[in-house]
Every structure is written in C-alpha cells, then in structure tokens.
Amino acid sequence: MSAEAIATFESSLDEIGVELVRTTADEFASTLSPLLDAPTVGTSLPFETVSLPDSVDTDPSIADLEAAATGVTAAGYGIADYGSVIIQGGTDGEEPVSLYADEHVAVVAASDVLPDMDATFDQLAEDIRNGVGQSIIATGPSATADMGSLVTGAHGPMDVTVVLLEDK
C-alpha cells in the first residue's frame, strides 16, 4: 500500500458514487454501526482485530438474504485505479451477501489496496495458484441500461460503502 494508491482509490470511489469511510481497528465498531440498516447479513471478517457486531446475521438463510437491507463482507483487495473491490468467494457466502442486500458494505485493509489492474491480476493469479477460489470484481452499485435508461440495483446493491481499515 502506498499513500498514492490510497488517494487514487479514494478519488476513484468518489467518481463512481461510493463513499469511503476510514477507520482504525480501535474505532471499527463505532464506525461500522451507523452504516448498518437492519436487517443486516454478513460474513466473518478475516482481520484479527475486528469483527462484526452481534446484530449482523452471519449464517443467513435465503429468506434472510432476500430481506436484508445491508450486507457486510470483507474485500480481499481494492483496485485504486477503478475504485473496485475484490470479493473472494468462500464457504461463508461472500458473493450472495454482497449482492442480495440493497446496500453492500465492503471492508478492505489499507495494505490490500492495489494500484492498478495489472497488480490485481498478478495477485489473483497467485491466489489461484494457492488454492483460493473464485473472485468477483465489483465496481460501485449495480447498474444496467439494458432496457433504456440507467437503473441501479437491478442485479445487486443500489448503494456501496467501502470501509478502509487502516491497520490490521
């Protein structure tokens, strides 16, 4: 992570209408709480020093996913040039949690923000060689113009917030 990559990430997120919220591990709970509209579903976070509050359902049923207002997942990486996040699939159900709710809150460590797509593909290739499963590159709210005018939230979240964890 470089300060330049973080600044580019923040600028790219702003360009696509995604709020970036910075926090430290000590302030994580108080930073995350106001971002969560109930009902909230989530997946466990891979950071040693932070976790989701008890109000977040981390073992949701399909009905829970469909009813969720907010879905919270970790992002394996951020891509500075695009303001994208990488949602890595796993047994916790990261993909559906990131897609079903009207709002997706992605938590990414500052050290996991990559400068560009070349660095991202290099990292994803290494992940695949190491047995990490599939990944989704998500850039902003879901949007489609298949039927004419632009519609948000048709195939995923209408709103996205990225929480940048400044220390692991």
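Q: Why is T23 called buried?
A: Its relative accessible area is 4%. Buried means under 20%, exposed means over 50%, and partly exposed is in between (1.4 Å probe, protein chains only). The 4% of T23 is under the 20% limit, so T23 counts as buried. Keep in mind that this is a predicted model: local features need a pLDDT of at least 70, side-chain atom pairs count only at pLDDT 80 or more, and totals for chains, interfaces and linings use all residues. Residues are numbered from 1 along each chain as its sequence is written, and side-chain values use heavy atoms, with hydrogens and water left out.

Q: What makes the reach from the side chain of T23 to the backbone oxygen of E27 a polar contact?
A: The distance is 3.4 Å. A polar contact is a pair of N or O atoms within 3.5 Å; within protein, one must be able to donate a hydrogen and the other to accept it, and residues adjacent in sequence count only if both atoms are side-chain atoms. At 3.4 Å, the pair is within that limit.

Q: Which residues is T23 in contact with, leaving aside its neighbours within four places in sequence?
A: They are F28, T31, V163, L164, L165 and E166. Contact just means heavy atoms within 4.5 Å.

Q: What makes a set of residues a nonpolar core?
A: They must be buried Ala, Val, Leu, Ile, Met, Phe, Trp, Tyr or Cys residues, joined through side-chain atoms within 4.5 Å. The largest one here has 18 residues, and F28, L32, L45, F47, V50 and V107 have the most contacts inside it. A second, separate core has 17 residues, including A75 and I87.

Q: How do you know that strand 4 and strand 5 pair?
A: Strands are DSSP runs of E with at least two residues, helices are runs of H or I with at least four, and both are numbered from the N terminus. Two strands pair if DSSP finds at least two bridges between them. Strand 4 (residues 77-79) and strand 5 have three, in the antiparallel sense, so they pass. I79 stands opposite S84 in strand 5.

Q: How many bridges join strand 5 and strand 8?
A: Four, again in the antiparallel sense, with I86 opposite I137 in strand 8.

Q: Why is strand 5 called mostly covered?
A: Four of its five residues (the strand runs 84-88) are buried.

Q: How do you know what span is expected for helix 5?
A: The expected span is 1.5 Å times one less than the number of residues. Helix 5 (residues 117-129) has 13 residues, and its first and last C-alpha are 18 Å apart, close to the 18 Å expected.

Q: Why are the buried residues of helix 5 said to be on the same side?
A: They are M117, T120, L124 and D127. They cover an arc of only 75° around the axis, which puts them on the same side of helix 5. That arc is taken from the directions from the helix axis to the C-beta atoms. On the other side, D118, D122 and R129 are exposed.
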